[in-house]
Number of protein chains: 2
Amino acid sequence: MLICCMTFDRKNSAGYVVNLMARLFARHLEAGIRPLGLGTGVFPALLMLWEKDGVTQRDLVDALEIEQPTMANTLSRMERDGLITRRRDETDGRVQRIWLTDKARALETKATGAANAVNAKALAGLSPGQQKQFMDLMRRVVATLDHSR
Amino acid sequence: MLICCMTFDRKNSAGYVVNLMARLFARHLEAGIRPLGLGTGVFPALLMLWEKDGVTQRDLVDALEIEQPTMANTLSRMERDGLITRRRDETDGRVQRIWLTDKARALETKATGAANAVNAKALAGLSPGQQKQFMDLMRRVVATLDHSR
DNA sequence: AAGCATTGCATAGCATACTATGCAATAATA
DNA sequence: TATTATTGCATAGTATGCTATGCAATGCTT
């Protein structure tokens, strides 16, 4: 049934639903990792660093598609909170290399567990095939937006 | 091919991809509506108000699933920028009713056009059937997260 | 009616994200 | 080698979003 002058149905707008979904994911993840002293913003950087630390800020910016000042700010908070140390590169005076503290290393299992739990909870209403479809569709949308300007 | 100790593959994590996708959507929408003097944060409120103004802050908070202090802050910016006026309800001294200015009304066509353009661009790589699937899957995930915890 | 609970909104404080800009170190070029 | 361009990072300023909290107006209970 059509309503007369409705020009924009937000619940049928991809952008609106994507934003809402992202905020809901963030709220749930926040609740899961707050007991660990972590916030959602540090999570992507930690994922990279758990895999391999000693990388540069630039490496994180490129891999995570986060703007450089955002990453600088996030790393400052992580340093303040004792999750990383920054040491200047020996051969290039511009570069800061990022190293995890033992404290940050010790959080990996619990933190990724919390993230896995949120993902599982969020996708619980979808069949395994639909979950794969959902991920695939999202990755294609991301690729489209990444390469369009 | 499996890599030895990788415990968390972010590009296969729903939460990570959702967050990235939402930031990309926001960047594109921001670029589209900035020439109108709008930001992404005011957009959901404007969508509601274009449909019907004279509603309360509480109405917006409930419909948009945005926390009340966030909405109060957003409405303050909108008032500062001449998009809305707030008038106290005549029968209930607690309530502020929100009214659009002519300036805000005049932006509806261009702003929703920009949002439609972003949505179209984002979904351009999907078939019409896949677009419907994508929206349906997202709405189901939103519903799941809405009703859990 | 008095006292308590609820509701609607504002404020404080912070995290996360952006653009614009500056600066120092290095690289490239003339 | 001197100049210019590029690169890596930091800072400033702002928007968007959250939790915690306070307060005034209203509603409820006795």
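In this predicted model, chain A holds an open sheet of three strands, arranged in the order β1-β3-β2 with antiparallel pairing. Chain B has an open three-strand sheet in the order β1-β3-β2, again with antiparallel pairing. The two chains are related by a turn of 180°, and the protein lies against two DNA strands, C and D.

**The sheet of chain A**

- β1 (55–56) and β2 (84–88) of chain A stand at the edges of the sheet. Each of these has a single partner strand, so one side of each is left without a neighbour in the sheet.
- β2(A) pairs with β3 (residues 96–100) of chain A in the antiparallel sense, over five bridges.
- Within this pairing, A:T85 stands opposite A:W99 of β3(A), and A:R88 has A:Q96 as its bridge partner in β3(A).
- β1(A) is joined to β3(A) by two bridges, and these strands run antiparallel. Here the bridge partner of A:V55 is A:I98 in β3(A).
- Helix α4(A) lies across β2 and β3 of chain A and runs at about 115° to β2(A).

**The sheet of chain B**

- The edge positions in chain B belong to β1 (55–56) and β2 (84–88). Each has a single partner strand, so one side of each is without a neighbour in the sheet.
- Five bridges join β2(B) to β3 (residues 96–100) of chain B, and the two run antiparallel. In β3(B), B:I98 is the bridge partner of B:R86.
- Helix α2 (residues 43–51) of chain B packs on the sheet and touches β1, β2 and β3 of chain B. The direction of this helix makes about 85° with that of β3(B).
- Helix α4(B) lies across β2 and β3 of chain B, at about 115° to β2(B).

**How the two chains are related**

- Two copies of a chain are related by a rotation about an axis and a shift along it.
- Chain B can be laid on chain A by a turn of 180° and a shift of 0.0 Å along the axis, with an RMSD of 0.0 Å. This is the relation of a two-fold axis.
- Both copies use the same surface, as 98% of the contact residues of chain B recur in chain A.

**Around DNA strand C**

- There are 28 residues around DNA strand C, and A:G41, A:R77, B:R27, B:Q57 and B:Q68 come nearest. Of the atoms of DNA strand C that come within 4 Å of the protein, 71% belong to sugar and phosphate.
- A polar backbone atom of A:G41 is 2.7 Å from a phosphate oxygen of DNA strand C, and a polar backbone atom of A:T40 is 3.1 Å from a phosphate oxygen of DNA strand C.
- For B:Q57, a polar side-chain atom lies 2.7 Å from a phosphate oxygen of DNA strand C.
- At least two residues each of the surface near DNA strand C come from α4 (68–80) of chain A and from α1 (14–33), α3 (57–64) and α4 (68–80) of chain B. With five residues, α4(A) gives the most.
- By class, this surface near DNA strand C has five nonpolar, 12 polar and 11 charged residues.

**Around DNA strand D**

- DNA strand D also has 28 residues around it, and those that come nearest are A:R27, A:Q57, A:Q68, B:G41 and B:R77. Sugar or phosphate accounts for 70% of the atoms of DNA strand D within 4 Å of the protein, and the rest belong to bases.
- Two side chains of chain A reach base atoms of DNA strand D. An N or O atom in the side chain of A:Q68 is 2.7 Å from a base nitrogen of DNA strand D, and a polar side-chain atom of A:R94 lies 3.2 Å from a base oxygen of DNA strand D.
- A:Q96 has a backbone N or O atom 3.0 Å from a phosphate oxygen of DNA strand D.
- The elements giving two or more residues to the surface near DNA strand D are α1 (14–33), α3 (57–64) and α4 of chain A, together with α4 of chain B. Of these, α4(B) gives the most, with five residues.
- The surface near DNA strand D has five nonpolar, 12 polar and 11 charged residues.

Notes: Residues numbered from 1 in each chain as written. Chains lettered and ligands numbered in written order. Predicted model: local features only at pLDDT ≥ 70, side-chain atom pairs only at ≥ 80, totals over all residues. Heavy atoms only, no water. Near = heavy atom within 4 Å. Polar contact = N/O pair within 3.5 Å; in protein donor to acceptor, adjacent residues only side chain to side chain. Helix = DSSP H or I, 4+ residues; strand = E, 2+ residues; numbered from the N terminus. Nonpolar A, V, L, I, M, F, W, Y, C, P; charged D, E, K, R; others polar. Pairing = 2+ DSSP bridges. Contact = heavy atoms within 4.5 Å. Axes fitted to C-alpha atoms, helices over the stretch in contact; angles between N-to-C directions. Least-squares fit on C-alpha atoms with pLDDT ≥ 70 in both.
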